[in-house]
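Here are my notes on the model you sent over. Have it open next to you while you read, and go through the points in order.

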Amino acid sequence: MKIFLPAVLLLCLFVLVPAQTTTDKAIEKFKKLEWLIGTWNRTNVKPGRSGVEVWKKISNTELHGWGISMKGNDTTFVEKLKIVMQEDDLYYVADVQENKGLVYFNFTQLTDHGFTCENGKHDFPTKIQYEATGLKLKAAISGNGRMIEYFFEREK
């Protein structure tokens, strides 16, 4: 019994240490998204319309966002967004009224000021891209031969 207990403790150490290292790496990867936090006002809208996207940090592994489009004082579109870390994978999660449920887009690229995520099984979009340059942000959704670009400026 005296030999068995140290062997079990040693085995637990080998199992838990790599898991903690992976978690630390995942959190470091998630930190690359902190540039997104804040309010982004859409700049490429028709006269009389406006749009905004707001991102808030919920935890070290979760951001929540809201996208709102307006025509005058009337809300024309609302989407709830999340970026979440599940194990070592990042997901962009969209919740829009037109979809039956949440739609998960897996991150395929992550840089210090941008990302690409994809879901080839979704009808549209299948790809979402964000790229920030200073106080400007370009977001694009694409798939099935279509692309829509959104341009934003960070609110001061």
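1. How many of the eight residues of strand β5 (residues 89-96) are buried? Six of them are, and the strand is mostly covered. Buried here means under 20% relative accessible area, with exposed being over 50% and partly exposed in between (1.4 Å probe, protein chains only).

2. A word on the ground rules. This is a predicted model, where local features need pLDDT of at least 70 and side-chain atom pairs count only at pLDDT 80 or more, while totals for chains, interfaces and linings use all residues. Residues are numbered from 1 along each chain as its sequence is written, and side-chain values use heavy atoms, with hydrogens and water left out.

3. Now the overall layout. The protein has one helix and ten strands, in the order α-β-β-β-β-β-β-β-β-β-β from the N terminus. Both kinds of element are DSSP runs numbered from the N terminus (helices: H or I, at least four residues; strands: E, at least two). Of the 156 residues, 30% are buried. Among contacts (heavy atoms within 4.5 Å) with a separation of 6 or more, 30% link residues 24 or more positions apart. The accessible surface comes to about 10,200 Å², and 56% of that belongs to carbon and sulfur atoms; the area is from the Shrake-Rupley method with a 1.4 Å probe, and for residues only the protein chains shown count as cover.

4. Back to β5 and its partners. Strand β4 (residues 74-86) runs antiparallel to β5, joined to it by eight bridges; two strands pair if DSSP finds at least two bridges between them. Met85 has Leu90 in β5 as its bridge partner. The β4-β5 hairpin has two residues between the strands, and Glu87 takes a positive phi near 60 degrees there.

5. Then there is strand β6 (residues 103-111), which pairs with β5 in the antiparallel sense over four bridges. Look for Tyr92 opposite Phe105 in β6. The hairpin from β5 to β6 goes through six residues.

6. Which residues lie nearest the centre of the largest pocket? They are Ser69, Phe77, Glu79, Ile141 and Tyr150, out of 35 lining residues. On a 1 Å grid over the protein atoms alone, a pocket is an open set of points with protein on both sides within 12 Å along at least five of seven lines, a cavity is a set where a 1.4 Å probe fits but cannot get out, and lining residues have an atom within 4 Å of a point. The pocket's volume is about 730 Å³, meaning the space filled by probe spheres set on the points, with points joined across faces, edges and corners.

7. Who lines that pocket? β2 (49-59) gives the largest share, five residues, and β4, β5 and β6 are among the strands that each supply at least two. The lining divides into 20 nonpolar, eight polar and seven charged residues. Nonpolar covers Ala, Val, Leu, Ile, Met, Phe, Trp, Tyr, Cys and Pro; charged covers Asp, Glu, Lys and Arg; the others, Gly among them, are polar.

8. A search of the whole structure finds one of 30 Å³ or more, lined by Ile27, Phe30, Lys31, Glu34, Lys57 and Asn60. Helix α1 (residues 4-31) provides three of these, the largest share.

9. Last, Ser142 in strand β9 (residues 136-143). Ser142 counts as buried because its relative accessibility is 11%. Leaving aside residues up to four places away in sequence, Ser142 touches Phe124, Pro125, Thr126, Lys127 and Met147.
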